[in-house]
Amino acid sequence: MKIDPQLLEFAKSMRHTATDAENLMWQILRAKRFMNLKFRRQHVIKPYIVDFYCHEIGLVVELDGSQHALPEHQIYDAKRTEFLDALGLTVVRYWNHDVLSRMDVVLEDLWMKCTALKDTSA
């Protein structure tokens, strides 16, 4: 299935305008630094662009700012997660402020989720 070139271009532009939390998380996930898993950032899973994606274990990692606490964003995020779930993907969400101020807690949780997914895919 061909991906819309505009969507790919938008994903590419998002890599250059990443939030502080996304930049910090990318420094940890890039180049198989985390559990030797290959993550992609701002990856297109049509019709969406996900923050981080690991194909090997079918994991989507989303980092959310405060706007995601608004009811309309919660509805959108739920539909998006439902769509990704239907593809057999697992979606995990972390708040930006947790990534920036409690990265140890975030990484411990992510480690457990990745371990469980690796065990089920093995």
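In the predicted model, strand E3, helix H3 and strand E4 make a β-α-β unit that is right-handed. The two strands of this unit, E3 (residues 59-64) and E4 (residues 90-95), pair in the parallel sense, and six bridges are found between them. Within this pairing, Val60 stands opposite Val91, a residue of E4.

Strand E3 also holds Glu62, which counts as buried because its relative accessibility, at 5%, falls under the 20% limit. The side chain of Glu62 makes a polar contact, at 3.1 Å, with the side chain of Arg80.

Aromatic pairing was examined next. A pair of aromatic rings is described by two quantities, namely the distance of the centres and the angle of the planes. With pairing taken to require ring centres within 6.5 Å, the count comes to four aromatic pairs. One of these is formed by Tyr48 and Tyr76, whose rings lie 6.1 Å apart from centre to centre with 75° between the planes, an arrangement that is edge-to-face. This pair links distant parts of the chain, since Tyr48 belongs to strand E2 (residues 48-54) and Tyr76 to helix H3 (residues 71-86), with 28 residues separating them. The two partners were assigned to separate classes of accessibility: Tyr48 is buried, with a relative accessible area of 14%, whereas Tyr76, with a relative accessible area of 40%, is partly exposed.

Tyr48 takes part in a further aromatic pair, formed with Phe83, which is likewise edge-to-face, with 5.4 Å from centre to centre and 65° between the planes. Because Tyr48 lies in strand E2 and Phe83 in helix H3, the pair ties together parts that are 35 residues apart in sequence. Phe83 counts as partly exposed, its relative accessibility being 30%, a value that lies between the limits of 20% for buried and 50% for exposed residues. Through ring pairs, Tyr48, Tyr76 and Phe83 are linked into a cluster.

Note on methods: Residues are numbered from 1 along each chain as its sequence is written. This is a predicted model: local features need pLDDT of at least 70, side-chain atom pairs count only at pLDDT 80 or more; totals for chains, interfaces and linings use all residues. Side-chain values use heavy atoms; hydrogens and water are left out. Rings of Phe, Tyr and Trp (its six-membered ring) pair if their centres lie within 6.5 Å; planes under 30 degrees apart count as stacked, over 60 as edge-to-face and the rest as tilted. Helices (H or I, at least four residues) and strands (E, at least two) are DSSP runs, numbered from the N terminus. Buried means under 20% relative accessible area, exposed over 50%, partly exposed in between (1.4 Å probe, protein chains only). Two strands pair if DSSP finds at least two bridges between them. A crossover is right-handed if, with the strands pointing away from the viewer, the path from the first strand over the helix to the second runs clockwise. A polar contact is a pair of N or O atoms within 3.5 Å; within protein, one must be able to donate a hydrogen and the other to accept it, and residues adjacent in sequence count only if both atoms are side-chain atoms.
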